[in-house]
Amino acid sequence: MIYTDIFEAIRAFSPQDIVLNIKDRAGTGRLVRRLSFDALGTGKGDFVIFPRTGMNILFYRGQTDASWPAIPSTYREATPETLMVDSIKFLDFSMILERFPQVRCARKQGVRVDTLALAQHYGLRTDMLDLTSDIAVAAFLATTQFQNGRFVPVEKGIGSISRMLILMGMTENDEIFRPVGLQPFQRPGQQCAFGIKLAEGQTINDLQFVDTLQFHQNRACGQAFLDLFGSKMPNRLFPQEAIAQIGAKIRRSDKVTQAAVSAYCKEQGLSQDTVKQTLRGMGISVEPKPVFDPSSRQLAKERMQVMRHGAFGGEIIFSRLAYLPEG
């Protein structure tokens, strides 16, 4: 069955969901979003800060094209060589991440900084697939697309929205399910982010407790979620951040650092000469220093923000929607 639009697919999941007010009561009020998080100890001496939704939780994922396989980006058209490059670029990103003062501040406070999740959210190819606990975020990502510096509604085609039930704490393997939540950068918190690691060849529909519904795209539905989150970049879900620019540049770059290559070879037990030869064959050079490092001026600005507002921007962000009548 293909539903008439995204709202009818949401209704099939949750007949009383507050998001349905956008369609059912159009013109009589507005949907607003406030954010808050709870802290949860990991049992390993640190804690995560995740959207306030309780321990038994539903997660969502939206796609503009239902035919697109829900697989992590590193596995799309993957070869052993591309997987190697993605791993080395992840190490480059991880090293740059450590230079940001909010990362050090968060760790000092005992918060788990999820480097893999941050790499995923800021443009790198990883083995992680994004989920959200906010169905409105999933709907935005399922009904809009980024074009020429802004988001626009998807006007035709078949989209999909998936729902997954995971009981937090159900598994001790936190390397698979990732309660990303509030991180030292804004995007994961704004998107009420969670994630799941998948093996090559695996999609979320191969997992238990996953339902995926398809729906017809139309402009009005996409515009409704643009009105909620914003169409211009940066918007509420994609704030302007230096780390976003760095992540995007690392992904597109034809350069990696010697430090990242050395770390990768040590992890994998490989010869540096062999790895460098493979990289050269792919048109990728090895440089002594990061090409896309944050400038001293950028880091000084970030340091001032941390001094003023702490590692998380000074406000506790909330993942709750409310419908306010007009007038």
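Asp5, Glu8, Arg11, Lys23 and Asp24 are linked in a network of salt bridges (a side-chain nitrogen of Lys or Arg within 4 Å of a carboxyl oxygen of Asp or Glu). The model is predicted: local features need pLDDT of at least 70, side-chain atom pairs count only at pLDDT 80 or more, and totals for chains, interfaces and linings use all residues. Residues are numbered from 1 along each chain as its sequence is written, and side-chain values use heavy atoms, with hydrogens and water left out.

The salt-bridge count comes to 13. Asp24 lies in helix 2 (residues 21-24) and Arg11 in helix 1 (residues 6-13), so the pair ties together parts 13 residues apart in sequence. Helices (H or I, at least four residues) and strands (E, at least two) are DSSP runs, numbered from the N terminus. Asp24 is partly exposed at 46% relative accessibility, and Arg11 is partly exposed at 24%. Buried means under 20% relative accessible area, exposed over 50%, and partly exposed in between (1.4 Å probe, protein chains only).

Arg178 and Asp114 also meet in a salt bridge, 2.8 Å from N to O. This pair links distant parts of the chain: Arg178 sits in strand 10 (residues 177-178), and Asp114 in the loop between helix 4 (101-108) and helix 5, 64 residues apart. Both Arg178 and Asp114 are buried.

The largest pocket holds about 1,000 Å³ of space. Of its 31 lining residues, Trp68, Gln120, Asp130, Leu141 and Phe238 are the closest to the centre. Strand 6 gives the most to the lining, with five residues. Other elements supply at least two residues each, including strand 5 (56-63) and helix 6 (135-143).

One cavity of 30 Å³ or more is found in the whole structure. The largest cavity contains about 100 Å³ of space. Its lining includes Asp92, Ile96 and Phe292. Strand 13 provides the largest share, three residues. On a 1 Å grid over the protein atoms alone, a cavity is a set of points where a 1.4 Å probe fits but cannot get out; a pocket is an open set with protein on both sides within 12 Å along at least five of seven lines; lining residues have an atom within 4 Å of a point. Grid points are joined across faces, edges and corners, and a volume is the space filled by probe spheres set on the points.
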